[in-house]
Amino acid sequence: MLYINLNRKSTTSLTQQIYEQIRGDILNRELKEGERLDSSRGLSSTIGVSRNVVLEAYDRLIAEGYVEVRPRSGTFVAKGSSLPLHENNVHRDQRMLRADSEPKLIDFRGGNPAIDQFPRKKWGQLTKEVCGEAPDRIFGYGEPGGIEELRITLAKYLQRVRGVHCDPDQIMITQGATQALRLITELLIKDGISIAVEDPVTDEMRNIFINAGADLFPVPVDENGILPEHLPKEKKLGFVFVIPSHQFPMGGILSIQRRVRLIEYARKMNNYIVEDDYDSEFTYEGAPVPSIQGLDPERVIYVGTFSKILSPALRVGYAVLPAHLVEAFRNLKWFHDRHTASIDQLVLSRFIEEGYLDRHVRKMKKIYRKKREILEKCVLSSFKEAKIIGKAAGMHLVVDIPGAIFTDDIVNKIKEKGVHIYPVEQYALKKGMHKQQIIMGYGGLTKEEIIEGVEELKKCLDMNKYRQ
């Protein structure tokens with residue numbers, strides 16, 4: 001006898017529910033090959049639906065070969081229609097239940113924005129307006145480099161807030177900064193060519209470069225960013241990758257003297273500087289330092305994203321390229337995914353043009369500044385000897401706690417207590433220099449989570465077995 005559980009409030013039709021449950025039982029071998037199904041009349045009476053509903057489900061199962069009709073005998077599970085599920089699928093529901101019951105982690109990951117602050121109402125309103133008012137071309141295939149409206153708006157915005165000098169045609173819209181950096185690597189890195197990267201550097205950037213086939217040349221940083229004197233004098237580089245406005249993870253802001261030396265190096269070695277500007281809008285002491293790109297637009301490729309400012313879900317980033325690299329980059333972008341979603345681009349253009357982005361940034365600066373102050377206060381009151389590293393900017397800071405060696409074992413034990421921290425050492429190419437330092441991101445955490453997370457961290461580190 002078949003057991004069918006119907007949800008009459010579901011948007012899925014009764015026929016579809018019956019079909020899916022019988023099909024699932026056959027695939028799972030709950031119904032064996034050759035087993036007879038209930039008659040359509042009998043099943044409809046049992047589960048309280050019309051016979052036509054059951055007949056429709058049976059007809060679909062017959063058409064797809066799951067069951068067969070034997071004259072004057074009934075409907076049977078067809079031979080060869082069952083499929084033993086992989087162990088991972090068999091236990092999927094159990095794993096989902098376990099995941100739901102697991103306690104929520106207080107995750108101090110750097111770069112996580114406050115998703116709850118995304119301006120949903122205004123974004124939804126603009127999206128509705130765009131869909132109703134946009135020209136027909138917006139709904140067709142677009143240009144690989146992005147729609148003209150956004151590129152024009154973005155060129156004005158970047159000039160005003162970041163000192164970037166470019167024409168709209170030099171801006172290429174991408175699926176986040178990740179795609180921009182991947183395409184730049186493909187464009188500039190050939191066999192035997194290396195990339196100079198800050199050390200430590202975010203693991204995401206490192207993996208992008210390595211997966212694109214590049215060799216990495218680590219260049220140390222201090223509290224003021226990359227040290228240009230450590231760049232190779234003879235080795236051929238495709239480009240130097242830097243995060244000058246708020247180095248990740250160490251938080252330094254590159255001085256004008258080092259910026260000049262970087263440009264002199266790029267000119268002398270005939271290569272490029274790739275400038276990643278991921279969260280410079282959130283500077284809490286003084287004004288943001290203008291971009292390196294503004295000093296030499298022919299030697300600097302500027303990369304930005306709206307993932308940190310607004311939401312990672314938008315997947316809108318961009319690259320500002322020297323004019324002679326634009327066509328080759330555009331061709332690469334076309335082969336990767338044709339173009340970035342045009343409607344989202346047009347909504348973003350309106351969002352910037354009408355002043356909503358500036359308002360959102362001002363709001364978020366206040367929120368993030370307050371969260372940073374709370375985190376600093378909690379850390380320094382819990383760890384008297386601790387040192388806060390990094391300028392007052394962005395959505396994370398680095399904590400140096402003398403005597404606390406953050407091994408994988410210690411980090412995992414802290415995680416078991418519901419707190420996820422990130423050792424700087426895991427971002428370092430040359431190991432051993434940052435063993436007592438951790439990254440603590442605060443952007444996506446509440447005040448209560450910050451306080452609780454630091455308290456739990458202190459409890460764990462106060463246990464002698466976690467100390468050096």
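In this predicted model, the protein chain carries 68 positive and 64 negative side chains. The centres of these two sets of charges lie 2 Å apart.

**Overall architecture**

The protein chain contains 15 helices and 16 strands. Its C-alpha trace extends over about 90 × 65 × 45 Å along the principal axes. Of the 468 residues in the protein chain, 51% are buried. When contacts between residues at least 6 apart in sequence are considered, 74% of them join residues at least 24 apart.

**Packing of α8 and α9**

Helix α8 spans residues 176–188 and helix α9 spans residues 203–211. The two helices pack at an angle of about 35 degrees, and their axes are 9 Å apart. The crossing in which α8 passes α9 is right-handed. On the α8 side, the contact is formed by T178, L181, R182 and T185; on the α9 side, it is formed by E204, M205, I208, F209 and N211.

| Residue | Location | Relative accessible area |
|---|---|---|
| A196 | strand β5 (residues 194–199) | 0% |
| H246 | loop between β8 (237–242) and α10 (256–269) | 2% |

A196 counts as buried because its relative accessible area is 0%, where buried means under 20%. Leaving aside neighbours within four places in sequence, A196 is in contact with F217, V219, L231, L237, F239, V240 and F241. A196 and F406 are separated by 210 residues in sequence, and their C-alpha atoms are 27 Å apart in space.

H246 is likewise assigned as buried, because its relative accessible area is 2% and the cut-off for buried is under 20%. The place of H246 is in a loop, with β8 and α10 as the elements that this loop joins. With neighbours within four places in sequence again left aside, the residues in contact with H246 include G251 and G252. Further contacts of H246 are made with Y278 and D279, and also with K391, A393, G394, M395 and H396.

Technical notes:
Residues are numbered from 1 along each chain as its sequence is written. This is a predicted model: local features need pLDDT of at least 70, side-chain atom pairs count only at pLDDT 80 or more; totals for chains, interfaces and linings use all residues. Side-chain values use heavy atoms; hydrogens and water are left out. Helices (H or I, at least four residues) and strands (E, at least two) are DSSP runs, numbered from the N terminus. Buried means under 20% relative accessible area, exposed over 50%, partly exposed in between (1.4 Å probe, protein chains only). Contact means heavy atoms within 4.5 Å. Lys and Arg count as positive and Asp and Glu as negative; His and the chain ends are not counted. The place of a charge is taken as NZ of Lys, CZ of Arg, CG of Asp or CD of Glu. Axes are lines fitted to C-alpha atoms, for helices over the stretch in contact, and angles run from 0 to 180 degrees between N-to-C directions. A crossing is left-handed if the near helix is turned anticlockwise from the far one by less than a right angle, and right-handed if clockwise.
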